[in-house]
Amino acid sequence: MKFLVTGGAGFIGSNYLHYVVNKYPEDDFICLDALTYAGNYNNIKILEEKPNYKFVKMDIRDKEAVEKLFKKEKFDYIINFAAESHVDNSIKNPNLFAETNIIGTMNLLNAARKMRDEENHPIIRYHQVSTDEVYGDLPLDRPDLLFTEETPIHTSSPYSSSKASADLFVLAYARTFKMPVTISRCSNNYGAYQFPEKLIPVVISKALKNEPIPVYGKGENVRDWIHVHDHNVGVDLIVRKGHNGEVYNLGGHSERTNLEVVKTILKQLGKPESLITYVTDRPGHDLRYAIDSSKSEKELGWERTYNFETGMKETIDWYVNNEEWIESIESGAYKEAYKH
Ligand SMILES: NC(=O)c1ccc[n+]([C@@H]2O[C@H](COP(=O)([O-])OP(=O)(O)OC[C@H]3O[C@@H](n4cnc5c(N)ncnc54)[C@H](O)[C@@H]3O)[C@@H](O)[C@H]2O)c1
C-alpha cells in the first residue's frame with residue numbers, strides 16, 4: 001500500500017514516520033513537506049536509506065502540484081499532519097493558518113477525489129490529524145469535565161478555528177462525496193524533535209543556558225500531556241482499523257499546569273526555580289484541556305504506554321543529549337539540511 005504523509009518533517013509527523021516506515025516494510029511511505037520554519041529535514045534525514053521511503057518537498061497550498069503528485073503516485077492512504085501549529089503565530093498572522101490548515105486540507109481532499117473520479121483510483125483512507133483545541137477550553141474548577149467526541153466545537157484562537165474548519169470540511173467530504181475519512185483529536189504532545197517554540201523544548205533549552213524562562217500569566221493553565229509515540233500509535237490504529245466518518249479522541253490522561261511542567265524540567269536539570277519569569281498572558285489563553293479517550297480505547301484497543309514522569313524524563317534526556325539539534329535550529333543551519 002502507498003501512504004502519503006504530509007508534514008512529516010515536523011515534530012509529530014517525523015516521529016510517526018520513524019515508527020511506521022520501520023514497522024511496515026511492506027508499505028511505501030512518501031513524506032510531503034514544504035519545509036517551513038517548523039519543518040526540519042534533520043528529523044527525517046536518516047530515513048533516506050530506507051527502500052520504502054521517499055521525500056517530496058511540496059506545499060499543500062499548491063493545488064496543481066498536489067494534484068499532479070496524486071496522479072503520478074496513486075496513493076492508497078493520506079495522513080495529513082501538515083499545518084501551521086503555533087497558537088502565538090496564529091494571533092500574529094491568522095490568514096496563513098486559514099491558507100495552510102483549511103485550503104491545504106481541501107487541496108488534499110480534492111486531489112484524492114479527482115484521483116478516484118478521473119483515474120479510477122479511490123483512496124482507502126484520508127486521515128486528518130486534528131487537535132483537542134477544537135473543543136475550546138474547560139473551567140479550572142470542574143475536574144470532572146472532559147472533552148468527548150460529542151463535545152461541541154467551540155474554538156478560541158485562529159489556530160484552533162482553522163483546525164476546526166478543516167475538520168468540518170473533512171466530515172463534509174465524507175457525507176457529500178463519500179470520501180473514506182477519519183479524524184483524530186489529540187491533546188498536547190511531548191517528545192523528541194519538537195520545535196523549540198513550544199513550552200517543553202523552550203524551557204529545556206533556556207534552562208540549559210541559565211536564561212530566564214517565560215511563563216504565561218501565573219502558569220495555572222492546565223494541559224493534558226501525551227507522549228508523541230502514544231499519539232502516533234493511536235493514529236496508526238485509527239488509519240488501519242477506524243471506521244469511516246468517525247472522530248477519535250486521543251489523550252494523555254496526564255493533566256499538569258504549565259508551572260508544574262516547568263518545575264519538573266528544572267528539577268531534573270538541577271536548575272533553580274528563580275529562572276521562572278512570569279510574562280503577560282496570551283490573549284484568549286485556553287484555561288484547561290482534558291480529554292476522554294475511551295472511544296479509541298474500547299473500539300480500537302488503543303493504550304498509552306508512557307506515563308508522564310517516565311516519558312518526561314526520557315524526553316528531557318533526549319534534548320540534553322542532542323543539544324546540537326537545538327543549536328542547529330538556533331543558528332539556522334537546519335535550513336541547509338535538505339539537499340536536492
Ligand atoms: N504539537 C501538539 O501538541 C499537537 C497536538 C494535537 C494535534 N496536533 C496537530 O498535529 C499536526 C502536527 O503538529 P506538529 O506539532 O508536529 O507541528 P509542527 O509545526 O512541528 O510541524 C508541521 C509540519 O508541517 C509542515 N508544513 C507547514 N505548512 C505546510 C504546507 N503549507 N505544506 C506542506 N507542509 C507544511 C512544516 O514544514 C512542518 O514540517 C498538526 O496538524 C497539529 O495541528 C499537534
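The buried residues of helix H10 are Phe308, Gly311, Met312, Thr315, Ile316 and Tyr319. A residue is buried if 20 or more other C-beta atoms lie within 10 Å of its own, exposed if 12 or fewer, and partly exposed in between, with C-beta atoms placed from the backbone. Seen down the axis of H10, these buried residues fall within an arc of 130°, so they line one face of the helix. The arc is that of the directions from the helix axis to the C-beta atoms. An α-helix has 3.6 residues a turn, so residues three or four places apart point the same way. On the other side of H10, Glu309, Thr310, Lys313, Asp317 and Asn321 are exposed.

This is a predicted model: local features need pLDDT of at least 70, side-chain atom pairs count only at pLDDT 80 or more, and totals for chains, interfaces and linings use all residues. Residues are numbered from 1 along each chain as its sequence is written.

What covers the buried face of H10? The cover includes strand S7, helix H6 (199-208), strand S9 (222-227), strand S11 (255-257), helix H8 (258-269) and helix H11 (323-331). Helices (H or I, at least four residues) and strands (E, at least two) are DSSP runs, numbered from the N terminus.

Ile316 is found in H10. With 22 C-beta neighbours inside 10 Å, Ile316 counts as buried. Leaving aside neighbours within four places in sequence, Ile316 is in contact with Ile204, Ile265, Gln268 and Leu269. Two residues are in contact if their C-beta atoms, placed from the backbone, lie within 7 Å. Thr105 is elsewhere: Ile316 and Thr105 are 211 residues apart in sequence and 33 Å apart in space, C-alpha to C-alpha.

**Two helices**

The table gives the span of each, from first C-alpha to last. The expected span is 1.5 Å times one less than the number of residues.

| Helix | Length | Span | Expected span |
|---|---|---|---|
| H1 | 13 residues | 19 Å | 18 Å |
| H10 | 14 residues | 20 Å | 20 Å |

H1 is mostly covered, with ten of its 13 residues buried. Among them are Phe11, Ile12, Tyr16, Leu17, Val20 and Val21. The buried residues of H1 pack against strand S1 (2-6), strand S2 (28-33), strand S3, strand S7 and helix H7 (228-241).

**Around the ligand**

Which residues come nearest to the ligand? Of the 30 residues around the ligand, these are Gly7, Gly10, Ala34, Gly39 and Ala83. A residue is near a molecule or strand if its C-beta atom, placed from the backbone, lies within 6 Å of it. The elements that give two or more residues to this shell are H1 (11-23), helix H4 (94-119), strand S5 (125-131) and S7 (188-190). H1 gives the largest share, three residues.

By class, the shell has 13 nonpolar, twelve polar and five charged residues. Ala, Val, Leu, Ile, Met, Phe, Trp, Tyr, Cys and Pro count as nonpolar, Asp, Glu, Lys and Arg as charged, and the others, Gly among them, as polar.

**Single residues**

Val56 sits in S3 (residues 53-57). Val56 is partly exposed, with 15 other C-beta atoms within 10 Å. Not counting residues up to four places away in sequence, Val56 touches Ile30, Cys31, Leu32 and Leu69. The C-alpha atoms of Val56 and Leu32 are separated by 4.9 Å, though the two are 24 residues apart along the chain.

Two residues stand out by their phi. Most residues other than glycine have a negative phi, and most peptide bonds are trans. Leu35 has a positive phi, near 50°. Leu35 lies in the loop between S2 and S3. With 18 C-beta neighbours inside 10 Å, Leu35 counts as partly exposed. Lys178 also has a positive phi, near 55°. Lys178 lies in the loop between helix H5 (158-177) and strand S6 (181-186). Lys178 is partly exposed, with 13 other C-beta atoms within 10 Å.

**The whole chain**

The protein chain has eleven helices and twelve strands. Buried residues make up 45% of its 340 residues. Residues 24 or more positions apart account for 83% of the contacts with a separation of 6 or more. The C-alpha atoms fill a box of roughly 65 × 45 × 40 Å, taken along the principal axes.

With 340 residues, a compact globule would have a radius of gyration near 20 Å, and the chain agrees at 19 Å. That radius is taken over C-alpha atoms, and the globule rule is 2.2 Å times the number of residues to the power 0.38.
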